[in-house]
Structure formats: C-alpha cells, structure tokens
Amino acid sequence: MKMTVFLMLRAAPSWLQLARNTRNDIAEKALAAAFPDAQCSLRFFDAEAFHARVSDVAMIEAESVKDYYFAIERLRDSPLIAEGYFELVEVIPAYEDGFRQFEAALWARR
C-alpha cells in the first residue's frame, strides 16, 4: 500500500532571516537530494497565516515504508533540518482510504 505522511514543520527565525533567493537555493538543493527518484513525492502547504505552532505542512507519498524512511534520513542530513532551519513538530502517517482496502481484504477472505 502506498503511504502518505504529513510532516508538521516550524520555520526557525534563522530561516526567515535569510534572503528569499537564498532560502530557495537551500531548499531546492536539499529537497532534490532527499527525494531523488519517483519512489517518493513531496508537496508543501503554507500554514503560518492560520496556525501559531506550525508554519508548514509537507505531504510525502511513498511507495513503501523503506522509501519513506530513506527520504527522511536524507532530509535529516540536509541543511533544512541539520542546521536547524526547520523543526519537525509532528509526523502523521496515514493510508488514503485505508479502511476500504481493509474491507476489501476482509471480504476477499470470506
């Protein structure tokens, strides 16, 4: 089953103090290294205008737990996390329509 993981992130003041073009360069290189293949996809959502604790939400879709895990290890090694530009506040793993897949498997056994 393909998994989806939501990362709740908080941007650090050190990140916000950087010029926007510098931020874009750092993020582009870090994310290209963390997600080099099609086994994982990444989408970003801005939340800072609507939430006091979380500034950003990253949605990762991975073909397997291993693919997700390896992407996170590469992300943790990147300046985004390793240099403290972002704090990982919460991780929410999920399966889209997981209950439907469970029910289909349940009915297949009968």
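Let me begin with Trp 15, Tyr 85 and Phe 86, which form one aromatic cluster. What I am showing is a predicted model, in which local features need pLDDT of at least 70 and side-chain atom pairs count only at pLDDT 80 or more, while totals for chains, interfaces and linings use all residues. Residues are numbered from 1 along each chain as its sequence is written, and side-chain values use heavy atoms, with hydrogens and water left out.

For orientation, the protein has 5 helices and 4 strands, where helices (H or I, at least four residues) and strands (E, at least two) are DSSP runs numbered from the N terminus. Their order from the N terminus is β-α-α-β-β-α-α-β-α.

Back to the rings: searching the whole structure gives 3 aromatic pairs, and here rings of Phe, Tyr and Trp (its six-membered ring) pair if their centres lie within 6.5 Å, with planes under 30 degrees apart counted as stacked, over 60 as edge-to-face and the rest as tilted. Trp 15 and Phe 86 have ring centres 5.2 Å apart and planes at 55 degrees, so this pair is tilted. The pair links distant parts of the chain, since Trp 15 sits in helix 1 (residues 13-16) and Phe 86 in strand 4, 71 residues apart. Trp 15 is buried because its relative accessibility is 8%, and Phe 86 is buried at 14%; buried means under 20% relative accessible area, exposed over 50%, and partly exposed in between (1.4 Å probe, protein chains only).

Now to the charged side chains, where the search finds 4 salt bridges, each being a side-chain nitrogen of Lys or Arg within 4 Å of a carboxyl oxygen of Asp or Glu. In one of them, Glu 87 meets Arg 10, with the closest N and O atoms 2.6 Å apart. Glu 87 belongs to strand 4 and Arg 10 to strand 1 (residues 3-11), so the pair ties together parts that are 77 residues apart in sequence. Glu 87 is partly exposed at 41%, and Arg 10 is partly exposed at 29%.

Glu 90 and Arg 53 form another salt bridge, at 3.7 Å from N to O. Here Glu 90 is in strand 4, whereas Arg 53 is in the loop between strand 2 (40-46) and strand 3 (56-62), 37 residues apart.

Finally, which partners does Asp 97 have in a salt bridge? The side chain of Asp 97 meets that of Arg 100, again at 3.7 Å from N to O; Asp 97 is partly exposed at 38%, while Arg 100 counts as exposed at 52%.
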